[in-house]
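Hello,

Here is the structure I promised to pass on. Please have a look at it first, and then read my notes below.

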Amino acid sequence: MTAETLTKSVEIDAAADPERGDRSADIDHMPPLTQAVPLGIQHVLAMFVGNVTVPIILAKAVGATPDQIVFLVQAAMFVAGVATLVQTLGIGPVGAKLPIVMGTSFGFVPVMIPIAQAYGLPAVMGGALVGGLLMAAAGLYIRRINFLFPPVVTGTFVVMIGMILLPVGFAYVGGGFGAADFGAPRHLLLAALVFGVTLVFHQFFKGFLAMAAVLIGLLVGYVAAIPLGLVDFAKVSDAGWFQLPQPFAVGIEFHAAAIVAIGLMAVVTVAESIGDIAGTAIGGANREPTRRELSGGVMADGLMSSFAAVFNAFPQISFSQNVGLVALTGVASRYVVAIGGLFLIVAGLLPKLGALVSTVPNAVLGGAVVIMFGLITSAGMKMLSRIDFNKRNMLIIGVSLAVAIGLPAQKGLIAVAPHGLQTILESGLIPGAIAAILLNLLLPQGGGEEEGH
């Protein structure tokens, strides 16, 4: 969720490194396979954990069986691979044709959890299908809707996402939703171990080890969980070696509440997509993105989110950590990223790999996602640091956060509302985002511009 922040930082990196070779900054250059393959795998490693965490969180929130979790993890890998190929190689006007890695969006989680718990996963898929089409339409008219997403709105939106997700992260620290031994010492110690290892690698190492800090923390925690009896390998041995994707296996249902909530999220998420596309073009190719790249990239995000709903996965978005990886390595070849997409597709066809990923204990996952969700919040704060903290902007931020955080904490306030409306309001994110957009449109720009502090 650090799209706008990365856009600024990679611009500085590019300006500070004028010695990059022309070929490395050429998005259409194909390096030798001996270089392209490991570089492509590196992109997969940078996004893998984030991509499979979302389906695990959602599946466990609704009490899915181990087999269902394995299936959803597989679907997430397969769809991310297909979406990455579409984004990098393009299909007609769809796709930015830039080195952009696609994956499952964390931003939709606060909205999808209450929908899934109220109506089931098929309702989430129905909402995502429609939401993806709305996002694709936004890509066609990208210039006409930019006014809805100034920095004060997008920054507040990102802060809200991080803050609303943090309670979910701490639920996993304690052992997961509804765990019989919630808060047991073994869960807390495992989460603390993952938390500590991740922090050390993120803060005190450089290059790939720093970028892979979450993955390393999870691996250490996973190994430590085995002797504690928290890892069950039985489902790995029971899983098959190969399985083709099955469209509509989860099912699809259309509920008004799900369509409205996820549809609104899809439109708001356009701001993140634009930031990632711009960050990739600036950090990798040392130039601003073209109008076609912006339009094609956002359309790809939307259409691939609809594609994901058909193939049992959740909304897709460009991954910001891979934007940073392009800027760091200086390799802007879209074919390198496409190779990473191929690896994701292959991984999605192997049930044993999905089963192995699904054996990660809740507490291990919690130690990592608490940091990830915290970083989302801090990224939003950094985005907000670029605006003027005048009376108008402070009111937009304050009221939006009050609605987003306060309303879900007092569900009795919306008890008399229709069930569908309750589901939308319970997320906090939708009413908070609507408040930010409306206040930005309604409050006058000219008055009250003195500093708020």
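Ile-69 is buried, at 6% relative accessible area (buried means under 20% relative accessible area, exposed over 50%, and partly exposed in between, with a 1.4 Å probe and protein chains only). You will find Ile-69 in helix H3, residues 66-89 (helices are DSSP runs of H or I with at least four residues, strands are runs of E with at least two, and both are numbered from the N terminus). Between the C-alpha atoms of Ile-69 and Leu-58, eleven residues apart along the chain, the separation is 9.1 Å.

Before going further, a word on the source: this is a predicted model, in which local features need pLDDT of at least 70 and side-chain atom pairs count only at pLDDT 80 or more, while totals for chains, interfaces and linings use all residues. Residues are numbered from 1 along each chain as its sequence is written, and side-chain values use heavy atoms, with hydrogens and water left out.

How far to trust it? The chain has a mean pLDDT of 80, with 85% of its residues at 70 or more (pLDDT is the predictor's confidence in each residue, from 0 to 100). Confidence is highest in helix H5 (residues 121-140), at a mean of 93, and lowest in helix H1 (residues 3-16), at 39. Please be careful with two stretches. Over residues 1-22 the pLDDT stays under 50, and the model has 41 contacts beyond four places in sequence for them (a contact means heavy atoms within 4.5 Å). Residues 448-453 also stay under 50, with 14 such contacts.

Now the overall picture. The chain has 21 helices and two strands, and 59% of its 453 residues are buried. Of the contacts with a separation of 6 or more, 85% are between residues 24 or more positions apart.

Back to H3, which packs against helix H16 (residues 334-348) with the axes 7 Å apart and an angle of about 155° (axes are lines fitted to C-alpha atoms, for helices over the stretch in contact, and angles run from 0 to 180 degrees between N-to-C directions). The two helices, H3 and H16, are therefore roughly antiparallel (angles over 145 degrees count as roughly antiparallel, under 35 as roughly parallel, 65 to 115 as roughly perpendicular and the rest as oblique). Residues that meet there include Met-77, Phe-78 and Leu-85 in H3, and Tyr-335, Leu-342 and Ile-345 in H16.

A second pair is helix H7 (residues 151-173) and helix H21 (residues 429-442), whose axes come within 10 Å and cross at roughly 165°. That makes H7 roughly antiparallel to H21. Among the residues making this contact are Phe-157, Met-160 and Ile-164 of H7, with Leu-429, Ala-433 and Ile-437 of H21.

Helix H4 (residues 109-119) is worth a look too. Eight of its eleven residues are buried, so H4 is largely enclosed by the rest of the structure. The buried ones include Val-109, Met-112 and Ile-115. Just after H4, Gly-120 has a positive phi of about 100°.

Finally, how many salt bridges does the structure hold? There is one (a salt bridge is a side-chain nitrogen of Lys or Arg within 4 Å of a carboxyl oxygen of Asp or Glu). Asp-181 and Arg-186 form it, with their closest N and O atoms 3.0 Å apart. Asp-181 is partly exposed at 28% relative accessibility, and Arg-186 is partly exposed at 34%.

Best wishes
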